[in-house]
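Hello,

Here is the structure I promised to pass on. Please open it first, then read my notes below.

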Amino acid sequence: MPVSVPDLLAAPALRLRALNSHCHDADRRIAWVSTTELPDPLPFLRGDELVMTTGMLDRDDAQWARLIERLAELPVAALCFGTGLVHQEVPPAVVEAADRAGLALVGSPVEVPFAQISRWVADRIFAERYDAVRSAATLQDRLVRELLSGNGLRGLLRQLHRQAGAGPVAVVEPGGRVLARHPASSTWPEDKAAGTDGRAPQAAGASVPITVDGVPVAELRTQRPTPRPDILSFATSILGLEVARHQAVLTGRRELLGQLLEDVLHRTVSDSDARRRLAAYGLALEGQHAVVVARIGGDPARLRSLPWTLQPLLERAGDRLPTALIEDTVMVVVPDGVDAEGAARTVADHLSVLDPRVRVGVGEPRRGVTGLRLGYFEALQAARSGPGVHRAAPLSIIGLLMGNLDLPLRELGHSVLAPLLRHDEAHRAALVPTLRAYLAHDCSPGATADELTLHRNSLRYRLQLIEQLTGRDLDRLPDRMELWLALAALEADPDSAPADPVQRDTEEE
């Protein structure tokens, strides 16, 4: 318990006496002790001290009254006036001023040195702090045991509800979904249709973020303010560590499956060996299965370090469907009987925490190892359609080429078209769009000129310039095919594809 002025008066060894009624207020807590004979001790006080003085400095009644008023305004816990050394009794002016100002006034006999009073207060303050530290350590140990035992997150919330004194507690995802709560019957603003009027009650309690790798992934919330914010901070710390630990384990599983699936996609293992090894991950390829592929923008390392969803981690469960990490790509294998598009939407929802513009593709259900390969490239091609979930179109040879992990087609395509790209950027020209339109219209000058609203002489000039810059002959089928593949590779990589110029090359007008 905190040390108060009544506690001080109750200590027989100190022989202190109360000089006014304010000394019996149990709310007058003593934070520390300060002995002073200064003319103005206020700059050296912080508040809640027991201020001790012998009155050695000669003050008139008005000066005593002013000093006591200022001590009461700070406020200090009490003024202890030592008698028998300078003053045989506490001056009446001091007693009257303290009574008016509402300041507790204590008398101390000369036989009890101020050092003895200071030591008594210090011993009790240190004992109180030690008890608080020991109590916090005991509770922290209890929270850790609850979290690591079979009780897990729900056990931890139950202990917090008992100890934090802040009413119901919950863990809430950034999107507002309540992952766990205690008591189970408690309602939160995030709940839909909560309360008799259809509106959820507004929480006025504490909210402390749970972070993983410095990124907030959820919040620990209470419905009322807590007198123990230290306990909430500790709880979020161990929750963050627990989530990060399980995230590392889950990432390891996903990468192991990703390495195996890469071998399957690259055909570095036989089909029979692939079936045997995939069966260890619960993948039975005899039935149909669809492939979901997801890609995020930015640093792909976030796929490994940050949780996509907390629920499996807090429940110490793995992925509900076989999930693999292949470089910057998430691959999910959806067995027959499970809604593949629903699974894709779930993946998109989870990964939107990392990238709101996540791109997800869904392949057609297929059988066997070959079906797994085709499904992957189908889904990968669909994921290139842009943000959101996209169902795969029939897989084209060009799509398969662009998705092949072994071929550096994007780099080669950019290298082939680099002279055109540089020319378009330097002259605000439109050679790349012209080449795209020319090949799309089966090299028909008339159809190309009509689409571009261009005179045929201007089109002929552009085509000659394209041949000159690229060193390719547009009358030769191999050169046309190479340029077409280069354009397809450029379009498959939206980060490197330039926007069409706004105005035409002024040289040809």
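Start at Gln-163, which sits in helix H5 (residues 152-163). Helices here are DSSP runs of H or I with at least four residues, strands are runs of E with at least two, and both are numbered from the N terminus. Gln-163 counts as partly exposed, at 32% relative accessibility. On that scale, buried means under 20% relative accessible area, exposed means over 50%, and partly exposed lies in between (1.4 Å probe, protein chains only). Setting aside neighbours within four places in sequence, Gln-163 is in contact with Leu-139, Arg-142 and Arg-228. Contact means heavy atoms within 4.5 Å. Gln-163 and Arg-228 are 65 residues apart along the chain, yet their C-alpha atoms are separated by 8.2 Å.

Some ground rules. This is a predicted model, where local features need pLDDT of at least 70, side-chain atom pairs count only at pLDDT 80 or more, and totals for chains, interfaces and linings use all residues. Residues are numbered from 1 along each chain as its sequence is written, and side-chain values use heavy atoms, with hydrogens and water left out.

The overall picture

The protein has 17 helices and 15 strands. Of its 509 residues, 45% count as buried. Take the contacts with a separation of 6 or more: residues 24 or more positions apart account for 65% of them. The protein exposes about 25,600 Å², and carbon and sulfur atoms supply 52% of that. Accessible areas come from the Shrake-Rupley method with a 1.4 Å probe; for residues, only the protein chains shown count as cover.

Backbone points

Most residues other than glycine have a negative phi, and most peptide bonds are trans. The bond from Leu-74 to Pro-75 is cis, with omega near -5 degrees. Pro-75 is in the loop between helix H2 (61-73) and S4. The bond from His-182 to Pro-183 is also cis, with omega near -5 degrees. Pro-183 is in the loop between strand S7 (178-182) and strand S8 (207-212).

Cys-443 has a positive phi, near 65 degrees. This residue lies in the loop between helix H14 (431-440) and helix H15 (445-452). Cys-443 counts as buried, at 12% relative accessibility. Arg-15 also has a positive phi, near 55 degrees.

Glu-49 lies in strand S3 (residues 49-53). At 7% relative accessibility, Glu-49 counts as buried. Leaving out neighbours within four places in sequence, its contacts are Trp-32, Ser-34, Val-76, Ala-77 and Ala-78. Glu-49 is 26 residues from Pro-75 in sequence and 8.4 Å from it in space, C-alpha to C-alpha.

Ser-108 is in strand S5 (residues 105-108). Ser-108 is buried, at 1% relative accessibility. Beyond neighbours within four places in sequence, its contacts include Leu-16, Cys-80 and Phe-114.

Salt bridges

The whole structure holds 19 salt bridges. Each is a side-chain nitrogen of Lys or Arg within 4 Å of a carboxyl oxygen of Asp or Glu. Arg-15 and Glu-111 form one (3.9 Å, N to O). Arg-15 is in the loop between H1 and S1 and Glu-111 in the loop between S5 and helix H4 (114-148), so this pair ties together parts 96 residues apart in sequence. Glu-111 is exposed, with a relative accessible area of 52%.

Arg-304 pairs with Glu-255 in a salt bridge, the closest N and O atoms being 2.5 Å apart. Arg-304 lies in helix H8 (residues 302-305) and Glu-255 in helix H6 (residues 229-266), so the pair links parts 49 residues apart in sequence.

Glu-341 and Arg-391 form a salt bridge too, with the closest N and O atoms 3.2 Å apart. Here Glu-341 is in helix H10 (residues 340-351) and Arg-391 in strand S15 (residues 388-391), so parts 50 residues apart in sequence are tied together. Asp-273, Arg-276 and Arg-277 are linked in a salt-bridge network.

Aromatic rings

There are 3 aromatic pairs. The rings of Tyr-376 and Phe-377 have centres 5.2 Å apart and planes at 80 degrees, so this pair is edge-to-face. Rings of Phe, Tyr and Trp (its six-membered ring) pair if their centres lie within 6.5 Å; planes under 30 degrees apart count as stacked, over 60 as edge-to-face and the rest as tilted. Tyr-376 and Phe-377 are both buried.

Best wishes
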